Each structure stands twice: as C-alpha cells, then as structure tokens.
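Here's a quick briefing to read with the model open in your viewer.

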Amino acid sequence: MATFLYRLGRWAFVRRRLVTLLWVALLAVGGVLAAKAPAAPDDGFAMPGTEAQKAFDLMNERFPGGHADGASARLVFVAPSGQKITAGPNQQAVERTVAELAHAEEVTGAVSPFKAGAVSKDGTTAYATVSYSVKAGTLSTGAKDALEQAAQHGRDAGLKVEIGGNALSTKGKTGGSSEAIGMALSAVVLVITFGSLVAAGLPLLTAVVGVGLGMALITAFGSMLGLSSTTGTLAMMLGLAVGIDYAVFIVSRYRAELAEGRTPQEAAGRAVGTAGSAVVFAGLTVVIALAGLSVVGIPLLAKMGMAAAGTVVIAVLVALTLVPALLGFIGRRVLPRKIRKGGGEPSKENGGARWARFVLRRPLAVLLGGVIGLGVLAAPALDLRLGLPGDEAKPTSTTERRAYDLLSEGFGPGFNGPLTVVVDAKGAPDPKAAASEVAKTVAGLPGVVTVTPPKFNKAGDTALLNAIPATGPSAARTNDLVHAIRGHAAGLKTATGASVLVSGTTAMNIDVSQKLNDALLPYLAVVVGLAVLLLLVVFRSVLVPLKAALGFLLSVAAALGAVVAVFQWGWLADLIGVQQTGPVMSMMPIFMVGVVFGLAMDYEVFLVTRIREGFVHGEQPGEAIVTGFRHNARVVTAAAFIMISVFAGFIGMSEPMIKMMGLGLAAAVAFDAFVVRMTIVPAVLALLGRRAWWLPRRLDRLIPDVDVEGSKLHTAAPEPAPVRESVGV
C-alpha cells in the first residue's frame, strides 16, 4: 500500500493543477445538485419493534386523521395572584384565546379547559390542548405565529400564559457560531504548531472542501435516500474533525521529509506513502464505528452514521490527493521562514521526545497512575441513568420550561407526561366492557393519579385512554408504572379479549432508552471487534490492538463519569449553565462510542505507526518510542486540542442535550489523547518491549503485509517522475 500511495502522492504533486481543478469541479457539481434538490424529508424518528411504536402505528390506522405523532401545544393559563381562573373575566379571556386558536392555520382541534375539566383543584391554573394536522417539527411559520399571538392576547388580558408541547420545537441547524469558533481556534493551534500561516491554512482549506462536498451530496440525494435535514449534523462535525486531522498528519510528515533534505516532490510522495497509509486505516476505523450505528436498530441513527461515514471517505480522498496537490503549489513555504533561510533545524530532542524518555524511566508508575486516574473519573458512570430529557431540562428562559413548571405546580408533575393506553378490542366480545376493565385496572395501579374515560374510534373496536402518573416523565417511578401496565396486558387479554399497548411521548422515550441500552454491548462488540482485526493487519501485532481497544474503553468510561457527575449529580453544573439535573440522554453512550472510537483510533494509528516504523527500521523498542513521540507527539497534541476546542464550543449552547454532547465529547477526546495515547500507550509499549510486536507465525503468514510504515520505500529506489510545473519556494 505504501508504494501505491507514494506513487499517488507524487502524481498528485506533479499534476497539481489537474487534481485541484477536479476537486473544484466536484464541489461545484455537488453545489448545483444540492441547490436543485427537493426539500429534505421529515426526520421520522421511528422505533421499529417497540411497543410504543406499534401503538403509534395502530392509532394512525384506527384513528385516521388523528396524527398520533402530530404536533401539539399545551397552553397553560394561570390567574393573577389572589384570583381564580374560573372567575368571569379570566374564564372569558381563556375561552377567547382558545377560540382564536381553533380557527388558526393547521389546527385540527383546540379544546377549552372548562369543557375538558382541565382546571386545577385550587382553581388557579388551567390548560388547553391544541392539535395540529402536521408532524412535530414541521409546523408552518404562520401556525407558530398564530400560537404565540394568541398566547400574547391572553397575557394582555392579565393572565400568565406559557406554551408547552412540541409545536414550537425547532430542528437543530448545522453550522453557526460553534463551528466558526472551532475553526478559529483550530487556526490558532495550527499556527502555533507549524509556525507557518501557509502550513496552518492548508488543512483548514482542504477540510472545508471535503465537508462542503459531503454536505452537498447529502443535500442532493437526501430526498432519494430518505436523509433528513438533521442527518448531516454528525457528518459536518466529524468531516471537519477528521479532515483537519488527516491533512495535518500528511503536512507534518511532508515537513519532516523536507527537513531531511528531500526534494518537495519526493517529500510529498513519501508523506502520502507513510502518513497516507495511516490515514487510510484510521479512516477505515472511523467508517467502521459510524457504519456500526446500523446495529442499533434506529433508522435515524443508521442514516446519520452512513452519511457521516461517506463524508469521512471523502476526507480520506482529499487528504491523499488534494493535500499533495496543494503542497505542489506551496513547496518549501510550508516550513517556517527561519528554517527555509537556513537559520534553524528541527530539534532532535523536543518536548515529545523528553516526555517519552520520562515515561520510559518509570513505565509501571505512569501506567498505574493513568489507569487509576481514569478509573476514579469513571466511578460516577456506575450510577448512570438513561432517559430522554424533555421540557424539564430546558432553560427557565424558555416558555416550554415555564409551562412545564406551572403544570407541575397546578396539577402535579405527571401531567407533563401522560401515558396513552391503546385498547385494541377488535375481535373482543364486548369492546366497551373491555375498555372499561382496562381503565379500572390501570386506575388501580400505584402511581396513577387519574385515568380519562375511554375514547372509541368510529368503528368502535379501538379505544384510547390517558393515564396520568404521579411522577414526572423522566422519573424512575414513571418508568416502573409503564412496565406495570404492560405487565397486566397478558391478563387483560385473557379476561377481555382485548390487547393493551402503552404509548405516548413518555412511553416512547422509555422504549428508546431501553433499546439503546440493549444495543450498546452488541454495538461495542461489532465496532471494537472489527477495529481490532483491522489494527491487527496495520500493526502486525496481537497485543497492540488489544491495548488500543482497552484504552479506548477506559477513556469513554471516564467521559461518561464526567457527564454523570455534572448533568446527573450536579457537580459544577452552575459553572456551565446546567439548570436542571436529570438522566443522561439515552443516545449519549452509543454516540460517544461511535464518535470517540473513530477519533481515538486516529491518534492510535498515527502515533503507533511511527513507533513501529522506527522499530521495523532497526531501532530498539525504547528508542522507537522516543522516535515516534519526537515526530508525532506534537501533531497528535495539536489535533486533540483542535477537537477539544470544537466540541467544547457546544458547552455554551442553551440546548441541554447539545451541551451534554459537547462536554462528553470534549472530555473523551482529552482523556483519550493525553492520558491514554500519550501516557498509557508508551508505558505499556515500554513494559512489553519486543513482545509488543509479537505475532504468531501462522497469523503472520495469513495476514497481508500492507506496509503501513513504508519499509519498502526505504529499500527501493525512488520512482523518477518529471517535474512539469515549477515548485513554489
């Protein structure tokens, strides 16, 4: 592989104008296709195989036009201090507001709280439910404006009015200030690392090209492949991350080859042949982690993973072709001015080499310190509780959070998460008696405040009833109640002939959490197993891939511990603006495994391949570690700082789930890069010595020699290639 990539790098360097024009043309074509593409489809967050999803599907079938997964709003009205909401003027203001909404755009129903009995026992609070004909997240601007205007009219009448539900929810947008801040910080880190504006700008430019093409293709083929508008979020984040990383490592190797006296053309070929080989295999590990999201069984996650994997593939191709082509235009200007003018040479004993020698002097102490430290940080993860935070986790500055709090005060926390019980009485001897029996059984369960009367469809074979829990949507007792109702389903089926399903947003969140929790171990097994096999081929070692996987698990566990400590226990919560503690987002563990595993293996491949390169070329194991750190430690550190800066930018966002993702990913990258790869890895390699590169003879014969370290480039004479274009100086 190294020989092939060496030739590819030299060819791209020589044919730099052609290669650059090809990428510009691809980007332009992608942009045109994206501009002409139809609008992206709705997210359609389906959970195939779960009871809540089955109930949703049944409701849509038996109650046509009801839109079980449609948008809804809940207007909460509170009377002025010392007054009742049922007082004449207050009641009239509420009814005017509800009547105004009943004729608004996309509204299918708006029920007065006085007709629905939705008035608190103390008479101070009431709520009205507004149903829409479209799904959540797709409500028109006119419908949202009408909702907010009606609420304002209620406030003008002297009432406190807040809006809950999902009607005002908006889809997350890709791009924005977080990405801009991340790019700016990346530029600063790269300038400090390379000491050259030209060298710092090249990785940023190529990363933007790769991400731009990837996002354009996602938009262009979104309608055809069913990719929603949020599918590209992960693709943009990871495409930018790995795009910068891969270009940085090739540019860094190019600079090292120039410093050893090679011509720019030969340096580009060797950089792509060695660092480019590491890029290919690092990219494959990321693709495996992302494609593995299909194992989870959530279509949205699978699409996000595959779209991001495609963007990573583009980033690899950009690094192997466009980067050496641009190096052809830059030539030696990629080096700092001082070195170009002969005023300085790269230090043979830099900080990376000094750190490696420190670890080599006391490897056991360093190893134990790193493992124990990560173990302590991971301890809070033992108390991990998963859920999907709702309005209760939003900032108090939002109307959704204020509506949640007012409902909890007036009616109890369970009113924010009613359970929808679907009674499928088709085939039952007496559907009405069956529904009544179900309502009676559910009402008698501990933790149920009230149960609404059954509401039948036109055919009279299916009924809906709402059960109001005594606890909030994310409470453990609400989870227990859902399982308790489902536990009585078999007995009710036998007694009445009717099937009972539990659904609603709360039940769906519980099912999502359970499904993600059940999928975590299979996902880990698939991703880590395939990556270990891949690294076995890369390093031709049994112990190095196992060490890489175990180190990754340590860093993810420590990052999850940090997330639990902040968002679940409340440590330092005020410092980063967490206003409400609660369960950790259900997707967080799998999301972190997928994203962090790919980035962690990037650092592992880039760092350890350079160590193996020194060992293969005749250095002693300890000296090979020093060589690897001398050449790559600074660049790995820079790449890690870039990723931490990008992810940490999301901690300042107001959305709690994005804030949680930002903290978790930033912590995971920090732990993995600085504790695992820069500390534990050299300590383990030092303790193992030559045994680190042990491979059974039978495996040695079976595994193909991909020559990632580029040993064949040192034994074969460089392939001549005419320089057809002048090289910048």
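L572 is exposed, with a relative accessible area of 61%, in this predicted model. You'll find L572 in the loop between α21 and α22, and its backbone is worth a look: phi is positive, about 55°, although the residue is not a glycine. Most residues other than glycine have a negative phi.

- R540 sits in the loop between α20 (505-539) and α21 (543-568).
- Is R540 buried or exposed? R540 counts as buried, because its relative accessible area is 12% and the cut-off for buried is under 20%.
- L572, by contrast, is exposed at 61%, and the cut-off for exposed is over 50%.

**The chain as a whole**

- Count up the secondary structure and you get 27 helices and 11 strands.
- The radius of gyration is 30 Å, close to the 27 Å that the globule rule gives for 729 residues, so the chain is as compact as a globular protein of that length.
- Of the 729 residues, 55% count as buried.
- Take the contacts with a sequence separation of 6 or more: 80% of them are between residues 24 or more positions apart.

**The bent helix, α24**

- Helix α24 covers residues 621-648 and bends by about 50° at N632.
- Most of this helix is covered, with 21 of its 28 residues buried.
- What does N632 touch, leaving aside its neighbours within four places in sequence? Its contacts are F606, L607 and R610.

**Cavities**

- Rolling a probe the size of a water molecule over the atoms shows where empty space is left.
- How many cavities of 30 Å³ or more does a search of the whole structure find? There are six.
- The second largest cavity has a volume of about 70 Å³.
- Its lining is made up of 11 residues, and those nearest the centre are A393, G577, V578, Q579 and P656.
- Sorted by class, the lining of the second largest cavity has five nonpolar, four polar and two charged residues.

**The loop between α22 and β11**

- V578, one of the residues nearest the centre of the second largest cavity, belongs to the loop between α22 and β11.
- V578 is buried, at 10% relative accessibility.
- Outside the four places on either side of it in sequence, V578 is in contact with V566, F567, A573 and K659.
- For a sense of distance, V578 and E623 are 45 residues apart in sequence and 47 Å apart in space, C-alpha to C-alpha.
- Q580 lies in that loop too, between α22 (573-576) and β11 (584-585).
- Q580 counts as partly exposed, because its relative accessibility is 34%, which falls between the 20% and 50% cut-offs.
- Beyond its close sequence neighbours (within four places), Q580 is in contact with E392, A393 and R401.
- A393, one of those contacts of Q580, is also among the residues nearest the centre of the second largest cavity.
- Q580 and P656 are 76 residues apart along the chain, while their C-alpha atoms are separated by 9.0 Å.

**Two buried helix residues**

- L407 is part of helix α16 (residues 399-411) and counts as buried at 2% relative accessibility.
- Which residues does L407 touch, not counting those up to four places away in sequence? They are R74, V76, Y127, G412 and N416.
- L407 and S397 are 10 residues apart along the chain, and their C-alpha atoms are separated by 16 Å.
- A531 is in helix α20 and is buried, at 1% relative accessibility.
- A531 and A549 are 18 residues apart in sequence and 8.3 Å apart in space, C-alpha to C-alpha.

How values were computed: Residues are numbered from 1 along each chain as its sequence is written. This is a predicted model: local features need pLDDT of at least 70, side-chain atom pairs count only at pLDDT 80 or more; totals for chains, interfaces and linings use all residues. Side-chain values use heavy atoms; hydrogens and water are left out. The bend at a residue is the angle between axes fitted to the seven residues ending there and the seven starting there. Helices (H or I, at least four residues) and strands (E, at least two) are DSSP runs, numbered from the N terminus. Buried means under 20% relative accessible area, exposed over 50%, partly exposed in between (1.4 Å probe, protein chains only). Contact means heavy atoms within 4.5 Å. On a 1 Å grid over the protein atoms alone, a cavity is a set of points where a 1.4 Å probe fits but cannot get out, and a pocket is an open set with protein on both sides within 12 Å along at least five of seven lines; lining residues have an atom within 4 Å of a point. Grid points are joined across faces, edges and corners, and a volume is the space filled by probe spheres set on the points. Ala, Val, Leu, Ile, Met, Phe, Trp, Tyr, Cys and Pro count as nonpolar, Asp, Glu, Lys and Arg as charged, and the others, Gly among them, as polar. The radius of gyration is taken over C-alpha atoms; the globule rule is 2.2 Å times the number of residues to the power 0.38.
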